[in-house]
Amino acid sequence: MRSKKDNENSKPKRKVVRATVEVKKDLIANYESGVRVSELATQFGMAKSTVCTILKNKEVIKEADVAKGVTVLTKQRSQIMEEVEKLLLIWVNENSW
């Protein structure tokens, strides 16, 4: 006879999706062009509730001017730090061998 722990461990775990701000902006653009939420969830591989949360915060996300790869918008990151990261990314791309 199996215990409850064996049944819980056999379930596949949900993959954590950490979308970057660029992906979120792309999702918002697709939504505004007329794509449904359920189609967006399938297309981007995330739950419908996640898509709805992104759409709820779309004004803040649209206004965000962040460095490449940033996933979380926070007020603790100063604009100076964002500019430094952008310039560093440009420098790395230009000087890569």
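Axes are lines fitted to C-alpha atoms, for helices over the stretch in contact, and angles between N-to-C directions run from 0 to 180 degrees. Helices (H or I, at least four residues) are DSSP runs, numbered from the N terminus. In these terms, the axes of H2 and H4 come within 10 Å and cross at roughly 85°.

This is a predicted model, in which local features need pLDDT of at least 70 and side-chain atom pairs count only at pLDDT 80 or more, whereas totals for chains, interfaces and linings use all residues. Residues are numbered from 1 along each chain as its sequence is written, and side-chain values use heavy atoms, with hydrogens and water left out.

**Helix H4 against helix H2**

- H2 and H4 are roughly perpendicular to each other (65 to 115 degrees).
- Lys24, Leu27, Ile28 and Tyr31 of H2 make the contact (heavy atoms within 4.5 Å) with Val51, Ile54 and Leu55 of H4.
- By class, the contact of H2 with H4 has 6 nonpolar, no polar and 1 charged residues; Ala, Val, Leu, Ile, Met, Phe, Trp, Tyr, Cys and Pro count as nonpolar, Asp, Glu, Lys and Arg as charged, and the others, Gly among them, as polar.

**Helix H4 against helix H3**

- The axes of helix H3 (residues 37-44) and helix H4 (residues 48-56) come within 9 Å, crossing at roughly 110°.
- That angle makes H3 roughly perpendicular to H4.
- On the H3 side, Val37, Ser38, Leu40 and Ala41 meet Lys48, Val51, Cys52 and Leu55 in H4.
- The contact of H3 with H4 has, by class, 6 nonpolar, 1 polar and 1 charged residues.

- Which residues of H4 are buried? They are Val51, Ile54 and Leu55, where buried means under 20% relative accessible area, exposed over 50% and partly exposed in between (1.4 Å probe, protein chains only).
- Seen down the axis of H4, these buried residues fall within an arc of 100°, so they line one face of the helix; the arc is that of the directions from the helix axis to the C-beta atoms.
- The buried residues of H4 pack against helix H2 (21-32), H3 and helix H5 (58-63).
- Lys56 also lies in helix H4, but Lys56 is exposed, with a relative accessible area of 68%.
- Lys56 and Ile28 are 28 residues apart in sequence, and their C-alpha atoms are 10.0 Å apart in space.

- The structure holds 2 salt bridges, each defined as a side-chain nitrogen of Lys or Arg within 4 Å of a carboxyl oxygen of Asp or Glu.
- In one of these, the side chains of Glu32 and Lys58 meet at 3.8 Å, N to O. Glu32 lies in helix H2 and Lys58 in helix H5, so the pair ties together parts that are 26 residues apart in sequence.
- The side chains of Lys62 and Glu32 also meet in a salt bridge, at 2.8 Å, N to O. Because Lys62 lies in helix H5 and Glu32 in helix H2, this pair ties together parts that are 30 residues apart in sequence.
- Salt bridges that share partners join Glu32, Lys58 and Lys62 into one network.
- Glu32 counts as partly exposed at 44% relative accessibility, as do Lys58 at 22% and Lys62 at 39%.

Definitions and conventions: Helices (H or I, at least four residues) and strands (E, at least two) are DSSP runs, numbered from the N terminus. Angles under 35 degrees count as roughly parallel, over 145 as roughly antiparallel, 65 to 115 as roughly perpendicular and the rest as oblique.
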